[in-house]
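Please look over the sequence and the model before reading on.

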Amino acid sequence: MQLPSVSLLLLAAALSVSARAPEKQKCEGNFNIKNDDDFAKIVPCSEIKGKVFIDHTKLTEADLPNLQTLDGCIKVISNAELETLALPRITTITGVVEISNNPQLSTIDFNGLQVLGKSLTLTANPSVSSPNFPELSSVGENVLVAGETKVTNFNYLPALQSVGKTMDIRGSFDTISLNSTLKAKNMVLVSSSKLGCAEITKNWTPMVEDKLKCFEKADKAHLTAGSKLPNGAITVQASTGVIAASVMLIAYLAL
Ligand SMILES: *[C@@H]1O[C@H](CO)[C@@H](O)[C@H](O)[C@H]1NC(C)=O
């Protein structure tokens with residue numbers, strides 16, 4: 001009498017667990033997405049080990065709602081019609097994220113991303129008004145941002161605490177908001193004339209280990225990611241203050 005009801009209960013429990021638990025699917029390989037059918041193959045993946053290239057496609061939407069871990073990189077380049085790129089559940093990417101030259105792209109959603117192993121590059125996506133990286137706290141190498149003509153207030157990396165190499169942010173920014181605990185090896189900041197270099201160097205020099213370069217009154221010519229800044233750019237060596245102070249101390253001790 002008791003046995004069947006117990007097994008029924010177990011069956012019911014098993015069914016409800018399988019209904020609730022999200023599908024786990026590991027995918028491995030290099031995914032060279034050229035069209036909707038290629039893209040559909042990676043939609044079920046919760047984990048990808050390999051490279052995802054979405055370049056020169058006619059996709060309008062690239063939504064990977066299941067993806068949580070990418071052991072590899074993702075490059076989304078030159079997609080003329082792409083409007084949305086969303087990886088809302090991703091938490092870790094070991095390699096590079098590059099999103100460049102997507103003229104219609106208006107939504108970039110990496111809502112859960114916390115750790116990025118290599119570099120984040122966002123360039124020439126002129127329709128983006130507010131990319132979404134609210135949790136990103138660590139970038140192993142560089143952050144390169146340029147050519148987002150709609151963004152006038154740079155505030156979309158609020159949790160960023162560490163950048164291993166250079167944080168290079170270029171735009172007609174009237175304000176730049178960064179986490180007060182951020183540390184970067186170098187910084188390059190290009191702003192509009194409303195936000196001058198005097199204020200930028202005052203605010204952000206304490207966050208750099210090595211050099212901070214600044215240029216105000218950005219125009220198009222100076223907005224190419226990673227390019228050399230024009231004459232008139234200001235460079236502040238972060239350690240200058242320390243060196244000056246120690247020279248004075250040595251002079252004082254010599255007396
Ligand atoms: C600064 O970063 C930390 C850790 O990433 C985060 O908890 C905190 O909320 C951030 N501060 C602001 C003002 O966003």
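The sections below move from the whole chain to its core, its strands, its ligand shell and a few single residues.

## Basis of the model

The structure is a predicted model, in which local features need pLDDT of at least 70 and side-chain atom pairs count only at pLDDT 80 or more, while totals for chains, interfaces and linings use all residues. Residues are numbered from 1 along each chain as its sequence is written.

## The chain as a whole

The chain contains four helices and 19 strands. Both kinds of element are DSSP runs numbered from the N terminus: helices are H or I runs of at least four residues, and strands are E runs of at least two.

Of the chain's 255 residues, 31% count as buried. A residue is buried if 20 or more other C-beta atoms lie within 10 Å of its own, exposed if 12 or fewer do, and partly exposed in between, with C-beta atoms placed from the backbone. Contacts are counted between residues whose C-beta atoms, placed from the backbone, lie within 7 Å. Among contacts between residues at least 6 apart in sequence, 26% join residues at least 24 apart.

## The nonpolar core

The largest nonpolar core comprises 59 residues, and Met187 and Leu189 have the most contacts inside it. Strand β17 (residues 183–190) supplies the largest share of this core, namely five residues. Such a core is a set of buried Ala, Val, Leu, Ile, Met, Phe, Trp, Tyr and Cys residues joined through C-beta atoms within 7 Å.

Leaving aside residues up to four places away in sequence, Leu189 touches Ile169, Ile176, Ile200, Trp204 and Cys214.

## Cysteine 197 and its surroundings

Cysteine 197 belongs to helix α3, which covers residues 197–204. Cysteine 197 is buried because 20 other C-beta atoms lie within 10 Å. Its contacts, not counting residues up to four places away in sequence, are Cys214, Glu216 and Ile234.

Lysine 194 lies in the loop between β17 and α3. Lysine 194 counts as partly exposed, because it has 13 C-beta neighbours inside 10 Å. Its C-alpha atom is separated by 8.3 Å from that of glutamate 216, which is 22 residues away along the chain.

Two strands are taken to pair if DSSP finds at least two bridges between them. An open sheet of three strands has the order β4-β6-β9, with parallel pairing. In this sheet β4 (61–63) and β9 (107–109) are the edge strands, each with a single partner strand, so one side of each has no neighbour in the sheet. The twist from one strand to the next averages 5°, an angle between N-to-C directions on a scale from 0 to 180 degrees, with axes fitted as lines to C-alpha atoms, for helices over the stretch in contact. Three bridges link β4 with β6 (residues 84–86), and aspartate 63 stands opposite alanine 86 in β6.

Strand β5 (residues 69–77) pairs with β3 (residues 47–55) in the parallel sense over nine bridges; isoleucine 54 faces valine 76 of β5. Strand β5 also runs parallel to β7 (residues 92–93), joined by two bridges, and leucine 70 has isoleucine 93 of β7 as its bridge partner. Four bridges join β5 to the parallel strand β8 (residues 97–100), where glutamate 98 is the bridge partner of lysine 75.

## The ligand shell

The residues around the ligand are Ser137, Pro158, Ala159, Gln161, Asn179 and Thr181. A residue is near a molecule or strand if its C-beta atom, placed from the backbone, lies within 6 Å of it.

By class, the shell has two nonpolar, four polar and no charged residues. Here Ala, Val, Leu, Ile, Met, Phe, Trp, Tyr, Cys and Pro count as nonpolar, Asp, Glu, Lys and Arg as charged, and the others, Gly among them, as polar.

## Two residues with positive phi

Most residues other than glycine have a negative phi. Serine 78, in the loop between β5 and β6, has a positive phi near 55°. Serine 78 is partly exposed, with 14 other C-beta atoms within 10 Å.

Asparagine 101 lies in the loop between β8 and β9, and its phi is also positive, about 60°. Asparagine 101 is partly exposed, with 18 other C-beta atoms within 10 Å.

Note on methods: Two residues are in contact if their C-beta atoms, placed from the backbone, lie within 7 Å.
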